[in-house]
Amino acid sequence: MARPLVAQINLAALAANLGRAREKAPGAQVLAVVKANAYGHGLARVLPALERADGLALVELEAALALRDAHYSRRILLLEGFFDERELLDIARARLAVVVHDEAQVAMLERAVLPRPLEVFVKVNTGMNRLGLAPRDVARACERLGGSPSVAALRLMTHFARADEDDGLAEPLAVFDDACRNLPYPRSLANSAGVFRYAEVGGDIVRPGIMLYGATPFAYDTAEMLGLRPVMTLHSEIIAVQRLEADQTVGYGGAFTASRPTRVGVIACGYADGYPRHAPNGTPVLVCGRRTRLVGRVSMDMITCDLGDVPEARVGSPVVLWGEGLPVDDVAAAASTVGYELLCALAPRVRVVTTRVGRIDLPL
Ligand SMILES: *Cc1c(COP(=O)(O)O)cnc(C)c1O
């Protein structure tokens, strides 16, 4: 018997979530965001479920080149563009589209001599204040890029700082519209939160990420309310059962003290698997399909949970850490983080299986 921790990746759910993005942003092209190894799901593994996307967007050049080597033929956008002039040759050969977010990148493109010109997304800083040209510099940058033989086509884009908040769109949209007035290029504005608010945000090309993986981009609307299905379910089993007397503790530091006799289940999953170490007592866990709670500190290879409400639980009982039956967003909220971080952090040592229509395929 292998260690029972397995991440199950449901490709049918991913395809359905992509369909949801299309439904929400009718008429827009969809670039599925697959940075960070498809948010921890495995880029090569999820590719078949993204067949109906118009292209992919990511940050890592090596992964983009690998997609071309694997004969992925649609659009691939590098969301942070390039970092060094020397990357441009590979980028052009692989027909990658790039974000240009500062003057230095504009100058590199002007100097470059490329085998074929690039599709360029000019990024406007609308208040995120990480990457992006200042609004007043956008028209001039477009003029320079439009005149460069390195550039085949221009697009305008921005990334919102607060697309998930009710009042988070009006101001940056006004800044964007003002910066891009009279620039006749297609526009790309929406991440997942923006896709769900497409009526307000608009744009010709959308860039959904987290929604594809079935987690919510919002603090209050759950994935279920948004019509999203979990893609990753992290399964494990109870590998030992302990009976604590009142006043006994469990795990490192004695972070949980039983107030009465308590059955505690030991689960094969710890922070070396990507489970958040700072998840406190009370973080939800599903045992035998029932919601119970983490007790004691998360350790490298194990966590411990209260079996008081799951009398049928024993060694070998099934556990879900997140996914089907327990939204990753609930676990994330208990651990003061977001679903994004938990999914992205799935560790390489976790075995992964892929399901298509309810069937478990061989691990990829
Ligand atoms: C990560 C990213 C996205 C996707 O964001 P989600 O919130 O996961 O939908 C879109 N655009 C850019 C520029 C990004 O970096």
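Colleague: Which polar backbone atom lies 2.8 Å from an oxygen atom of the ligand?

Modeller: This is a predicted model, in which local features need pLDDT of at least 70, side-chain atom pairs count only at pLDDT 80 or more, and totals for chains, interfaces and linings use all residues. Residues are numbered from 1 along each chain as its sequence is written, and side-chain values use heavy atoms, with hydrogens and water left out. A polar contact is a pair of N or O atoms within 3.5 Å. At 2.8 Å from a ligand oxygen atom, the backbone atom belongs to I210.

Colleague: How much of the ligand's area does the protein bury?

Modeller: Accessible areas come from the Shrake-Rupley method with a 1.4 Å probe. Alone, the ligand exposes 390 Å², and the buried share of that is 92%.

Colleague: Which side chain has an N or O atom 2.5 Å from an oxygen atom of the ligand?

Modeller: The residues surrounding the ligand include H159, S192 and R207. A polar side-chain atom of H159 lies 3.4 Å from a ligand nitrogen atom. The 2.5 Å distance to a ligand oxygen atom involves the side chain of S192.

Colleague: Is C269 buried or exposed?

Modeller: Buried means under 20% relative accessible area, exposed over 50%, and partly exposed in between (1.4 Å probe, protein chains only). C344, at 35%, is partly exposed. With a relative accessible area of 0%, C269 is buried.

Terms used
Near = heavy atom within 4 Å. Polar contact = N/O pair within 3.5 Å; in protein donor to acceptor, adjacent residues only side chain to side chain.
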